[in-house]
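User: Hi! I've got a model open and would like to talk through a few spots in it. Can you help me out?

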Amino acid sequence: MAALSSTKPDDHQILVEEKLSARILTLNRPKQLNALLFQMISRLLELFIAYEEDSNVKLVIVKGKGRAFCAGGDVAAAIRDINEGTWRLGAKFYWKQFTLNYILATYRKPQVSILNGVVMGGGAGASIHGRFRVATENSVFAMPETALGLFPDVGASYFLSRLPGFFGEYLGLTGTRLDGAEMLVCGLATHFVPSERLSLLEEALCKVDSSDPAIISAVINEYSKQPYIKEKSAYHRLNVIDRCFSRRTVEEIISALERVALNKKDDWISKTIQSLKRASPTSLKISLRSIRQGRLQGVGQCLVREYRIACHVMQGKLSKDLFEGFRAILLDKDKNPKWEPSKLELVSDDMVDSYFSMMDDEDWEDLKLPARSNLPAYAIAKL
């Protein structure tokens, strides 16, 4: 166990507390909204693997310092790596991150993620795959990748495709933000606990001394409440979302929304159409296909497919939209990306196919996930 308490220079980025049979891991880059760096992902992976083997550990609590749980992977750092060296550095980051996502999705012990604040992109990957996801009135969930020239990854094609109806397609394509109440009602969160009760909840969880999901759920229930869903919530529009986002192509989704907009003046519909029209056309098409395939695949297959797509996106041979999105949204902040291809109809099915194919590169290999044998049923299907 000595290795776990080693003091590496980056150890302060993940704070570790041992309380009886619980372990509390705190993501600690509050100024960067706890965005995940490669070494943080490596550390989390190391800790989770060690805790699974350690019979003294019954449950793992993960939370974020400050006003975010985790705003995602540190895209700026990844793009800097790619620009300075090679897309392979980015691929290494994704390999490690997707391995962590897979371990969490198949974890034998309960993980309780306290989502008190922003949870986006890689932050969703570090929590939604776990058994318990506790939202609060401060939670803000989004998968905003299509606006950045990326696509919902970290196993999102698995968890988004399992939301009610076509709500996952809606979230993944538009990058819409949800609050804690909406996360609970659609199933992204398992509980809603008001933030002022979190310290009491944490204290109670540390005393549980059990890995039984039913017992842990009962403890969280004691601090939970049923939140109010805003009148303007997109969740109240599931019937329109299902009617439009069940269409086969992104073009058909947009025309279906535009037909609804003709019949009634509705801010929500026009906002939805706008966010689709602002996003990268290539990203939209990749994302829709990825989520659709995710409906029929296990979490491991989803991660292997997403790894392929991510490598193509970073290599930038098929499209440079990732770099343009990064420039427009995060670097120059002009929020006016020039996507290439610039229109949906210019992104052919063949172009989309190539993102899903193996890379034509002799040193590249498909993501190899660690073998997980004899998993109990509750460790396999958490959503």
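Predicted model: local features only at pLDDT ≥ 70, side-chain atom pairs only at ≥ 80, totals over all residues.

User: Where does Ser233 lie?
Analyst: Ser233 is in the loop between α9 (213-223) and α10 (238-245).

User: And what does the side chain of Ser233 make a polar contact with?
Analyst: The partner is the side chain of Glu182, at 2.6 Å.

User: How many bridges join β6 to β8?
Analyst: There are 3, linking residues 118-120 of β6 with residues 140-142 of β8, and these two strands run parallel. Met120, for instance, stands opposite Ala142 in β8.

User: OK, now β7. Which way do its side chains point?
Analyst: β7 covers residues 132-135. Phe132 and Val134 point one way, while Arg133 and Ala135 point the other.

User: Are those four buried or exposed?
Analyst: All are buried, Arg133 included. As background, side chains in a regular strand alternate between the two faces of the sheet.

User: What is β7 joined to?
Analyst: On the one hand, 4 bridges join β7 to β5 (residues 111-115), running parallel. Phe132 in β7 is the bridge partner of Val112. On the other hand, 2 bridges join β7 to β10 (residues 191-192), also parallel. There, Val134 stands opposite His191.

User: New topic: how many cavities of 30 Å³ or more turn up?
Analyst: A search of the whole structure finds 4. The largest cavity holds about 50 Å³ of space.

User: Which residues line the largest cavity?
Analyst: The lining is made up of Gly149, Ser280, Thr282, Ser283, Ile286, Val313, Ser319, Asp321, Leu322 and Tyr355. Two elements give two or more residues each: α13 (281-294) and α15 (321-331).

User: Which element gives the largest share of that lining?
Analyst: That's α13, with 3 residues.

User: And what is the lining like by class?
Analyst: It has 5 polar, 4 nonpolar and 1 charged residues.

Note on methods:
Residues numbered from 1 in each chain as written. Heavy atoms only, no water. Polar contact = N/O pair within 3.5 Å; in protein donor to acceptor, adjacent residues only side chain to side chain. Pairing = 2+ DSSP bridges. Buried < 20%, exposed > 50% of the residue type's maximum accessible area, 1.4 Å probe, protein only. 1 Å grid on protein atoms, 1.4 Å probe; cavity = no way out; pocket = protein on both sides within 12 Å on 5 of 7 lines; lining within 4 Å. Points joined across faces, edges and corners; volume = space filled by probe spheres on them. Nonpolar A, V, L, I, M, F, W, Y, C, P; charged D, E, K, R; others polar.
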